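Here is a set of questions and answers on one protein model. Keep the sequence and the structure open while reading.

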Amino acid sequence: CMSDAETWLELADVYQHANSLRHAAFCLEEVLLAAPWDSRVWVRAAEAWYSAGEPLLARKYFAYAVELSRGTDAACYARCVDARALLGLCVACRAVAAAGSKYAATADDAALNTDTLAWAAQLLAQVMPAAAALFQQQQQQ
């Protein structure tokens, strides 16, 4: 059945083990059609796209996973964020920035990436202070 999410997840695992990351990402996108509220699947799809050499698409998926995981409760703003999604967002933003004009066609695109990275790093500092310190050390080098 086309809407069998478990089967798509298993197929994504098979493709990931075979290092066919674009096919794995496609399978995970099929799962997202069945369960768009599951931030963990968004993270897996983002990781597949990042590993397949698509950091811009991975950044979008990681950002959506962060938004889904933190929810709408103001008291849960930083406490509930999926740290894996947040760290992935930081890494994807850095990869986009390192690629220069390949992904940032305009100054607005570059500014969006810089602002997203700053926001994610600030939130990461609240969620995982040790990881944020390590990330900031790498950023200064």
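Q: Which residues of α2 and α3 meet?
A: Contact here means heavy atoms within 4.5 Å. On the α3 side, the residues are Val41, Trp42, Arg44, Ala45, Ala48, Trp49 and Ser51. On the α2 side, they are Leu21, Arg22, Ala25, Leu28, Glu29, Val31 and Leu32.

Q: What kind of model is this, and what pLDDT do local features need?
A: Residues are numbered from 1 along each chain as its sequence is written, and side-chain values use heavy atoms, with hydrogens and water left out. The model is predicted; side-chain atom pairs count only at pLDDT 80 or more, totals for chains, interfaces and linings use all residues, and local features need a pLDDT of at least 70.

Q: How are α2 and α3 oriented to each other?
A: Axes are lines fitted to C-alpha atoms, for helices over the stretch in contact, and angles run from 0 to 180 degrees between N-to-C directions. The α2 and α3 axes come within 9 Å and cross at roughly 160°. Angles under 35 degrees count as roughly parallel, over 145 as roughly antiparallel, 65 to 115 as roughly perpendicular and the rest as oblique. So α2 and α3 are roughly antiparallel.

Q: What is the handedness of the α2 and α3 crossing?
A: A crossing is left-handed if the near helix is turned anticlockwise from the far one by less than a right angle, and right-handed if clockwise. For α2 and α3, the crossing is left-handed.

Q: How many helices and strands does the protein have?
A: Helices (H or I, at least four residues) and strands (E, at least two) are DSSP runs, numbered from the N terminus. From that end, the elements run α-α-α-α-α-α-α. The count is 7 helices and 0 strands.

Q: What share of the protein's residues is buried?
A: Buried means under 20% relative accessible area, exposed over 50%, and partly exposed in between (1.4 Å probe, protein chains only). The protein has 141 residues, and the buried share is 40%.

Q: Which residues does leucine 89 touch, not counting residues up to four places away in sequence?
A: Leu89 is among the core members that touch the most others. Leucine 89 also sits in the α4 and α5 contact, on the α5 side. Its partners are Arg59, Phe62, Ala63, Val66, Thr116, Trp119 and Ala120.

Q: How do α4 and α5 lie relative to each other?
A: Their axes are 8 Å apart and pack at about 150°. The crossing of α4 and α5 is left-handed. α4 and α5 are therefore roughly antiparallel.

Q: How do α4 and α6 lie relative to each other?
A: The axes of α4 and α6 come within 12 Å and cross at roughly 40°. Arg59, Val66, Glu67 and Arg70 of α4 make the contact with Leu112, Asn113, Trp119 and Leu123 of α6. The crossing is left-handed. α4 and α6 are therefore oblique.

Q: Is glycine 88 buried or exposed?
A: Glycine 88 is found in helix α5. Because its relative accessibility is 12%, glycine 88 counts as buried.

Q: What is the phi of asparagine 19?
A: Most residues other than glycine have a negative phi. Asparagine 19 is found in the loop between α1 and α2. At 59% relative accessibility, asparagine 19 counts as exposed. Its phi is positive although asparagine 19 is not a glycine, at about 60°.

Q: How far apart are the C-alpha atoms of leucine 117 and cysteine 93?
A: Leucine 117 lies in helix α6. At 10% relative accessibility, leucine 117 counts as buried. Cysteine 93 is 24 residues away along the chain, and the C-alpha separation is 5.7 Å.

Definitions and conventions. Core = buried A, V, L, I, M, F, W, Y, C linked by side-chain atoms within 4.5 Å.
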